[in-house]
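Me: I would like to go through this model by asking, for each label, what stands behind it. Please set each value against its criterion before you conclude.

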Amino acid sequence: MVAENHYLHISELTSYQKDKIEELRSKSADILSLYPEYDTDFSLLRWLMGWDYKIDTIIPKLRYAIEILTNLGLHKMKAQSCEEINKMIKSKSTVAEYFPGGLMGQSRRGDVIYMQAMAMAHPKTLIKSGTTSELYQLCVVETEMSFKLVREAEKNTGNKLGVIICMDLEGFSMDLLYTPTLKVYMNLLTMLQNIFPDFARKIYILNCPLMMSTVYQMISPVLSEQTREKVKFLDKDWKKHLIEDVGEENLYPKWGGTKKLGEKDTGDIRMGGKVPEKLWYADNHRLEGERTKVSVGARSKTEIKVYGEAGKKFYWLWRVSSGDLDFSIEKDGRVVWPVFRCMTEFYPEVGHFECEESGDYVFVFDNSHGKLFGKDVKYKIVLEK
C-alpha cells in the first residue's frame with residue numbers, strides 16, 4: 001500500500017478527501033461555529049488523516065477539542081510571531097520558565113519549529129510549584145498558538161504544514177523519570193494527541209543517551225502509531241540535519257544556527273532548571289482550612305451544583321486522597337471549564353472562573369478512569385466579585 005501524502009498542496013486534494021472534508025464540516029457545523037478561524041480544509045484534513053477518515057469517531061473528539069480551545073479563550077487570541085507567543089507563555093505563570101520549551105521560529109516551508117530541552121527540567125521541584133491543570137493549559141495554549149501560525153502559513157502558501165518538534169536530551173539523567181511527574185507527562189501527551197491529531201510533522205530526538213531506548217519503551221505506548229512513525233533519532237551530525245531541513249537562519253546558535261535574539265545562544269527558549277523554593281506551595285492559600293469532603297466511586301463521578309452570578313468569579317481549592325481525578329465545570333449541559341486530569345499530591349488544584357451568566361454551575365469530579373478504587377475529595381468553592 002502506498003503511504004498517504006500528509007503534506008500536500010491544496011490543489012492535490014483528491015475527490016475523496018474533498019468529499020470527506022465537506023461531510024465533516026457539515027456534520028460538525030455547530031461546534032465549528034464556535035471557532036470560525038479553525039474551520040479550514042487543512043484543519044479538518046488533520047482530523048481525517050489522524051482518525052482514518054472515520055467521521056462518526058471524529059465528531060465527538062473534535063467537539064472535545066474545540067470545547068477546550070474555546071474554554072481557554074483561544075478563539076479570541078491572535079498569533080503575531082513565535083517571539084510574541086513565547087513572551088505570552090512566560091507571562092502566564094511564575095514557573096513557566098522552568099518548564100523547558102518554546103517556539104524557535106518557522107522553517108523555510110512555514111512549519112513551526114518547537115524546541116524542548118527536556119533534560120533541563122527538574123521534576124521534583126516543578127511538581128511542587130504549580131497545579132497540573134496549569135501545565136496542561138500552558139501546553140494547550142502554546143500548541144494552538146503554534147497552529148495559528150501554521151494556518152496562516154497554509155493560507156499564504158496553499159501547502160499543508162505542521163510542527164517540527166526537536167527534543168534535546170543533552171544532560172539527561174534518570175531524575176527525569178521521577179514517577180509522579182512521569183505520569184503527569186504521559187497524561188499530557190495523551191491529551192495533546194487527542195486535541196491536536198496529526199500535529200507533528202517530524203519529531204527529532206537530539207543528543208540521545210544510550211538509556212533512551214528503555215525510556216522510549218515507557219513512553220511509546222501513549223503515542224499514536226502515526227506519531228511514532230514521525231519520531232527520528234538523529235546521530236552526532238544532528239545540527240547539519242536540522243540546518244538542511246529548516247534553515248540555519250531559523251535555528252538559535254546552540255542548535256547550530258545563526259538566528260539571534262538577545263545575548264543568549266538559546267534565544268527566548270525556556271531552559272528549565274531547579275525551581276526556587278520560594279515558588280513551592282507553602283500550604284498558606286486563603287482557601288486552605290475547613291473543606292467539604294465527598295467520595296467519588298470507581299468508574300463514577302460526583303457533581304457539585306453551585307449557583308453563580310454573572311460578573312462574579314468562582315474560586316476553588318481541592319485535593320484528592322490518592323491518584324488523580326478529571327475535573328471540569330458545566331453549565332446547562334455545556335463544558336465551560338475544560339476537563340483536565342489533575343493530581344494533587346504535591347500541589348492542590350486551585351483556580352478561578354468568571355461567570356458570564358447567572359445560574360447553576362456543576363463542578364464535576366470524575367473517576368470514570370478509576371477501575372477499582374474510589375477516591376475522597378476535600379474541596380472549597382467560593383463565589384466572589
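Reply: A definition comes first: helices (H or I, at least four residues) and strands (E, at least two) are DSSP runs, numbered from the N terminus. In these terms, arginine 299 is found in the loop between E6 and strand E7 (301-308). The model is a predicted one.

Me: Why does arginine 299 count as exposed?

Reply: Exposed requires over 50% relative accessible area, and arginine 299 has 56% relative accessibility, so the label applies.

Me: What is phi of arginine 299, and what makes the value worth a remark?

Reply: Phi of arginine 299 is near 60 degrees, which is a positive value in a residue other than glycine. Most residues other than glycine have a negative phi. Aspartate 52 is likewise not a glycine and has a positive phi of about 55 degrees; aspartate 52 is placed in the loop between H3 and helix H4 (55-71). At 55% relative accessibility, over the 50% cut-off, aspartate 52 therefore counts as exposed.

Me: How do you know that the side chains of arginine 151 and glutamate 37 meet in a salt bridge?

Reply: The criterion is a side-chain nitrogen of Lys or Arg within 4 Å of a carboxyl oxygen of Asp or Glu; for arginine 151 and glutamate 37 the N to O distance is 3.2 Å, so the pair meets the criterion. The pair links distant parts of the chain, 114 residues apart, with arginine 151 in helix H7 (residues 132-157) and glutamate 37 in the loop between helix H2 (29-32) and helix H3 (41-50).

Me: Why is arginine 151 assigned to one accessibility class and glutamate 37 to another?

Reply: Buried means under 20% relative accessible area, and arginine 151, at 8%, is therefore buried. Glutamate 37, at 29%, falls between the 20% and 50% limits, so it counts as partly exposed.

Me: What makes glutamate 154 and arginine 46 a salt bridge, and which class does each residue belong to?

Reply: Their side chains come to 2.9 Å, N to O, which is within the 4 Å limit, so the pair qualifies. The two residues are 108 residues apart, glutamate 154 in helix H7 and arginine 46 in helix H3. Glutamate 154 has 5% relative accessibility and arginine 46 has 4%; both values are under 20%, so both residues count as buried.

Me: Why is leucine 189 called buried?

Reply: Leucine 189 lies in helix H8 (residues 179-195), and its relative accessibility of 17% is under 20%, so it counts as buried.

Me: What makes Glu4, Asp52, Glu225 and Glu229 a patch of negative charge?

Reply: Asp and Glu count as negative, and patch residues need over 30% relative accessible area and no salt bridge, with like charges joined within 9 Å. Glu4, Asp52, Glu225 and Glu229 gather in such a patch on the surface. Glutamate 4, in the segment before helix H1 (15-27), has 36%, so it passes the area requirement while still counting as partly exposed.

How values were computed: Residues are numbered from 1 along each chain as its sequence is written. This is a predicted model: local features need pLDDT of at least 70, side-chain atom pairs count only at pLDDT 80 or more; totals for chains, interfaces and linings use all residues. Side-chain values use heavy atoms; hydrogens and water are left out. Buried means under 20% relative accessible area, exposed over 50%, partly exposed in between (1.4 Å probe, protein chains only). Patches are made of residues with over 30% relative accessible area and no salt bridge: like charges are joined within 9 Å, nonpolar side chains (Val, Leu, Ile, Met, Phe, Trp, Tyr) within 5 Å. Accessible areas come from the Shrake-Rupley method with a 1.4 Å probe; for residues, only the protein chains shown count as cover. The place of a charge is taken as NZ of Lys, CZ of Arg, CG of Asp or CD of Glu.
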